[in-house]
Amino acid sequence: TRFNNTLLPHNGKMPMPSHSKQLDWEAELTIVIGKKCRNVPKNKALGVIAGYACFNDGSVRDWQFKGSQWTLGKNFDGTGAFGPDIVTADELPPGASPLRIMTRVNGKVQQDSNTDDLIFDVPTLVHELSKVMTLEPGDIIITGTPSGVAAGRKPPNWLKAGDVCEVEIEKIGVLRHSVVKGA
């Protein structure tokens, strides 16, 4: 079952921050929590998940590395997007693995990996985070990105206004947005 995600910012547009030229992509799997939980045993973690979606953690690298905390580079208005659909967990392999995950910029593949390659699998993420906080229905967990981001290239090929960036996860869908000039 697919549910349309109405939280995609800027109607499919990702703003290029005016204070930086280092906007990067990060294809990531989104876990959508379906049941309130706390201290979930790892072997029960998949039972609290409602579904999964695509996420692009648009990261502003020069701001990300201004200090020891990455918060600034991960929180510019509109630079993180997920969707456009949420696929229910019963439609996918357990833990949404193994699924191909990739990023394309202007049609060229930049990241190409598999959810099997996540540093922490889905049950581990839910288990560990539920030790720290109560997870509520509708909460989302972003899993992390595979290799192939712009920052890791020499020279880096940062996103710029006019680019079209697509994050695709097998059996989940394609998150597509255009990069536009931002504030």
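The side chains of R104 and E168 form a salt bridge, with 2.8 Å between N and O. R104 belongs to strand β8 (residues 100-105) and E168 to strand β11 (residues 164-169), so this pair ties together parts that are 64 residues apart in sequence. R104 is buried, with a relative accessible area of 14%, because buried means under 20%. E168, at 25% relative accessibility, counts as partly exposed. Both residues also take part in a network of salt bridges that links R104, E166, E168 and R176.

The model described here is predicted. In total, the structure holds nine salt bridges. As a general principle, side chains of opposite charge can pair when their charged atoms come close.

| Salt bridge | N to O distance |
|---|---|
| R104 and E168 | 2.8 Å |
| R61 and E26 | 2.8 Å |
| K36 and E136 | 3.9 Å |

The side chains of R61 and E26 meet in a salt bridge. This pair links distant parts of the chain, 35 residues apart: R61 lies in helix α1 (residues 61-64), whereas E26 lies in the loop between β3 (23-24) and β4 (27-33). Both R61 and E26 are buried.

K36 forms a salt bridge with E136. Here the partners are 100 residues apart, K36 being in the loop between β4 and β5 (49-57) and E136 in the loop between α2 (122-132) and β10 (140-142). K36 has a relative accessible area of 60% and is therefore exposed, the cut-off being over 50%. E136 counts as partly exposed, at 33% relative accessibility.

Key. Residues are numbered from 1 along each chain as its sequence is written. This is a predicted model: local features need pLDDT of at least 70, side-chain atom pairs count only at pLDDT 80 or more; totals for chains, interfaces and linings use all residues. Side-chain values use heavy atoms; hydrogens and water are left out. A salt bridge is a side-chain nitrogen of Lys or Arg within 4 Å of a carboxyl oxygen of Asp or Glu. Helices (H or I, at least four residues) and strands (E, at least two) are DSSP runs, numbered from the N terminus. Buried means under 20% relative accessible area, exposed over 50%, partly exposed in between (1.4 Å probe, protein chains only).
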